[in-house]
Amino acid sequence: MSQSVHDRAAEFHNLAAHAHAAAAASHGTGALTAHELSRQAHEHSTRAFEESKKAAETHGESQAQFANR
C-alpha cells in the first residue's frame with residue numbers, strides 16, 4: 001500500500017530532525033561531516049515542505065493559504 005502524502009511529509013520532517021541532531025552530535029568527531037549532515041537535513045526539510053504542500057492541496061487548500069499559516 002502506498003504512503004499517504006501526510007505520511008511522506010511526516011517521514012521527511014523526521015528525517016530532517018534526525019539529520020540536524022546527528023550534525024550537532026558529530027560536530028568535531030570526524031564521522032560524516034556536520035556540513036554533509038546539515039546538507040542532508042536541508043534536503044529532507046525541503047522535501048518535507050513539498051510533501052506538506054501536496055497534502056494541503058489534497059484537502060483543497062491553496063498554496064497561498066498553506067504559505068500564510
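These are my notebook entries on a predicted model of one protein chain.

**Ground rules.** I number residues from 1 along each chain as its sequence is written, and my side-chain values use heavy atoms, with hydrogens and water left out. Because this is a predicted model, I take local features at pLDDT of at least 70 and side-chain atom pairs only at pLDDT 80 or more, while totals for chains, interfaces and linings use all residues.

**Entry 1, overall.** I looked up the secondary structure and found three helices and zero strands. Helices (H or I, at least four residues) and strands (E, at least two) are DSSP runs, numbered from the N terminus. Along the sequence the pattern reads α-α-α. I then looked up burial: of the 69 residues, 23% count as buried. Buried means under 20% relative accessible area, exposed means over 50%, and partly exposed lies in between (1.4 Å probe, protein chains only). The accessible surface comes to about 4800 Å², and 57% of that surface belongs to carbon and sulfur atoms. Areas come from the Shrake-Rupley method with a 1.4 Å probe; for residues, only the protein chains shown count as cover. Among contacts (heavy atoms within 4.5 Å) between residues at least 6 apart in sequence, 51% join residues at least 24 apart.

I checked the length of H2, which covers residues 34-58. The expected span is 1.5 Å times one less than the number of residues. For the 25 residues of H2 this should give 36 Å, and the end C-alpha atoms are 36 Å apart, so the two agree. I listed the buried residues of H2 as Leu37, Ala41, His44, Ala48, Glu51, Ser52, Lys53, Ala55 and Ala56.

I looked up His18, which sits in helix H1 (residues 5-26). His18 has a relative accessible area of 57% and is therefore exposed. Its C-alpha atom is 7.7 Å from that of Ala41, 23 residues away along the chain. I then looked up His44 in helix H2. His44 has a relative accessible area of 18%, so His44 counts as buried. Leaving out residues up to four places away in sequence, His44 touches Phe12, Leu15, Ala16 and Ala19.

I searched the whole structure and found five salt bridges. The criterion is a side-chain nitrogen of Lys or Arg within 4 Å of a carboxyl oxygen of Asp or Glu. I noted three of the pairs below.

- Glu36 and Arg39 meet at 2.7 Å, N to O. Both lie in H2, three residues apart, about one turn of the helix. Glu36 is partly exposed at 24%, and Arg39 is partly exposed at 38%.
- Lys53 and Glu50 meet at 3.4 Å, N to O. They also lie in H2, three residues apart. Lys53 is buried at 17%, whereas Glu50 is partly exposed at 36%.
- Glu51 and Lys54 have their closest N and O atoms 3.4 Å apart. Lys54 is partly exposed at 41%, whereas Glu51 is buried at 5%. Being three residues apart in H2, Glu51 and Lys54 are separated by about one helical turn. Salt bridges that share partners join Arg8, Glu51 and Lys54 into one network.

Why does a spacing of three or four places matter in an α-helix? An α-helix has 3.6 residues a turn, so residues three or four places apart point the same way.
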